[in-house]
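Please read the following briefing alongside the sequence and the coordinates.

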Amino acid sequence: MKIVLFIIIIFTNLTIAQTDWIRWGKAEVDYSLEIEGVEDNYNSETSSSPLTLLKDGYSFLISDLDGNNCPFYPTCSSFFVEAVSRTNFVKGTLMFADRFTRDSNLFKSHEHYPTHVSGKLYDPTENYQLHDSTIIFYSIEKLVN
Amino acid sequence: MIANVLKLTTYLFILFTLIGINNLFSQELDNLFNSSNRTAFGNYLFCEGDYLRAIDEFKSVLSSEWNDSLQFKIATSYYRMGQFDKSIYEFQKIEADIYLNKLAKLESIRSFYQIGDYNILRDQINVYFITMGESQKLSKLYNYSLLLDSSLLPEKSVYLSHFNGEERNRISEYYDWKIKPPYKNPTKAAIMSALVPGLGKIYANEVGDGITAFLLTGLFTYLAVDKFQNNHTASGWLYASIAAFFYSGNIYGSATAVQNYNAGIKFNFNNKVKFYLNERDQFIPIPKYLCD
C-alpha cells in the first residue's frame with residue numbers, strides 16, 4: 001500500500017512539476033516609450049506608390065536628420081500623401097501648397113488650431129477638401145485624439 | 001475491534017463536521033447575495049458614481065425579478081457615463097410603471113439631444129405629445145432643436161409664438177442668425193487671392209497666413225522676372241514654378257480657409273444655443289435620487 005501511494009505521489013509530482021529544459025537567462029525588455037499619435041515615418045512595406053516612396057525618401061534623407069520639426073499633425077509630408085490619396089494629384093498638390101504656406105507663416109500665428117495628443121497642432125486633410133460636409137471643427141481648447 | 005470502531009467514528013465525525021461547515025458557509029453566502037442586499041449594494045455604488053458596477057448589481061437582481069425602478073437606474077447609469085445609445089435602449093424597456101414610463105420617455109428625449117440626433121428627438125417629442133399630452137416646455141426644446149440642424153424654420157411669428165418675455169427676444173436673435181448666418185463667401189475669397197495673393201486669407205481672418213502668402217508669391221515672382229530679364233531661362237522657369245505653386249495654393253487655400261471660418265461660426269452658434277439649453281436642463285426636469 002505504501003509503495004502504491006509513494007508511486008502515485010512521485011508520478012503526480014513529475015507530471016505537474018515545471019519542466020526546466022529552457023535555460024534561465026536575462027529577459028529582453030524594451031524600455032523605450034512609444035510616442036502616442038505620431039505615425040511611423042516609413043510605410044513603403046505596405047504601399048509602394050511613387051508618392052509614398054518620395055515621402056519615405058524625404059523622411060530618410062532630410063526629416064530624420066533634421067528632426068521632426070513640423071508643427072502640425074499630420075506632418076506636411078504625410079499631409080501631402082494623404083491629400084493626394086483622398087482626392088487627386090492636382091487637388092492634393094494645391095492642398096499641400098496651402099499647407100506649406102501655412103507652415104511657413106512668418107508670424108507663427110497658429111492660435112486657431114486645436115492641439116493633437118502628440119502635442120502638435122491638429123490640421124487634418126478633411127478640412128481642406130472644399131466640401132463643407134467633411135469639415136470637422138474642433139474648439140481650440142479640445143485635445144484631439 | 002474497539003480501536004477500529006473508535007477510529008471509524010472519528011473519521012465519520014470529521015467528515016460530517018466538514019460537510020456541516022461547508023453547508024453553513026454556502027447558506028451564508030446565498031443570504032449575502034440575495035436580491036435586497038444586491039439592490040442595496042447597487043444603490044450604494046450608484047450613489048458613489050461607480051455606475052459600471054452598479055449596473056452589474058442591478059442586472060443580476062433583474063435576472064430573477066423585474067423592477068422598473070432598478071431598470072431606470074441602469075438607464076440613468078449609462079446616461080451619466082455618457083453612453084447615450086445604451087441609455088436610450090434601457091429607458092425603452094420601462095413600460096409597466098406609468099410614472100417611470102413618462103420619466104423614461106423624457107430621459108430618452110434628453111439622450112437623443114446629447115447624441116445630436118435632432119430629427120429623432122423631434123419625433124420622440126411628437127410621440128410624447130400624442131401619448132402624454134402637450135407640454136409647453138417640450139415645445140420649447142422642439143423649437144430650439146430646429147436651430148441646431150439643417151431643418152427648415154417655420155414663419156417667424158409662428159416660431160416665436162412659443163416664447164415670451166426676454167426669452168422671446170433671445171430666440172428672435174437666434175432665428176435671424178439661422179435665417180441669415182454671417183457666413184463669408186469662399187468664391188469671393190478665392191477671387192480676392194487671385195487678384196492680390198494673400199488677400200483672401202486676410203478676408204478669412206488669417207492675416208499672418210495672408211501676409212506670408214503675399215511675400216512668398218511676390219518674392220518668387222520677382223526672382224523669376226529678374227532671371228528672365230537676365231536671360232537665365234532655366235532658373236527663371238524654376239522660380240516661376242515655385243511662384244505658381246504658392247499662388248495657386250493660396251487661391252485654393254483662401255476658399256478652404258473661408259469654409260473653415262464658416263464652420264467655426266456655425267460651431268460657436270450651436271454651442272451658444274446648447275449652452276443656453278444645458279443651463280435649463282433641456283427644459284426637462286432632472287429625476288432626483290435619494291443620494292443627489
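Helix α8 of chain B covers residues 136–148, and its 13 residues reach 19 Å from the first C-alpha to the last, close to the 18 Å expected at 1.5 Å a residue, where the expected span is 1.5 Å times one less than the number of residues. Helices here are DSSP runs of H or I with at least four residues, numbered from the N terminus. This is a predicted model, in which local features need pLDDT of at least 70 and side-chain atom pairs count only at pLDDT 80 or more, while totals for chains, interfaces and linings use all residues. Residues are numbered from 1 along each chain as its sequence is written, and chains are lettered from A and ligands numbered from 1 in the order in which they are written.

- The buried residues of α8(B) are Leu138(B), Leu141(B), Tyr142(B), Asn143(B), Tyr144(B), Ser145(B) and Leu147(B), a residue being buried if 20 or more other C-beta atoms lie within 10 Å of its own, with C-beta atoms placed from the backbone.
- The cover over these buried residues includes α7 (118–132), α9 (156–160), α10 (166–179) and α14 (233–279) of chain B.

**Contact between the chains**

- Chain B contributes 21 residues to the contact and chain A 17 residues, two residues being in contact if their C-beta atoms, placed from the backbone, lie within 7 Å.
- On the side of chain B that touches chain A, α13 (207–229) and α14 each supply at least two residues, and α14(B) gives the most, with 14 residues.
- That side of chain B divides into 10 nonpolar, 10 polar and 1 charged residues, where Ala, Val, Leu, Ile, Met, Phe, Trp, Tyr, Cys and Pro count as nonpolar, Asp, Glu, Lys and Arg as charged, and the others, Gly among them, as polar.

**Helix pair in chain A**

- The axes of α2(A) and helix α3 (residues 76–86) of chain A come within 10 Å and cross at roughly 180°, the axes being lines fitted to C-alpha atoms over the stretch in contact, with angles from 0 to 180 degrees between N-to-C directions.
- That crossing makes α2(A) roughly antiparallel to α3(A), a term for angles over 145 degrees.
- Residues making this contact include Leu51(A) and Tyr58(A) of α2(A) and Phe80(A) and Val84(A) of α3(A).

**Confidence**

- Mean pLDDT, the predictor's confidence in each residue from 0 to 100, is 89 for chain B, with 94% of its residues reaching 70 or more.
- Chain A averages a pLDDT of 81, and 84% of the residues score at least 70.
- The predictor gives the complex an ipTM of 0.72 and a pTM of 0.74.

Methods: Buried ≥ 20, exposed ≤ 12 C-beta atoms within 10 Å, placed from the backbone. Parallel < 35°, antiparallel > 145°, perpendicular 65-115°, else oblique.
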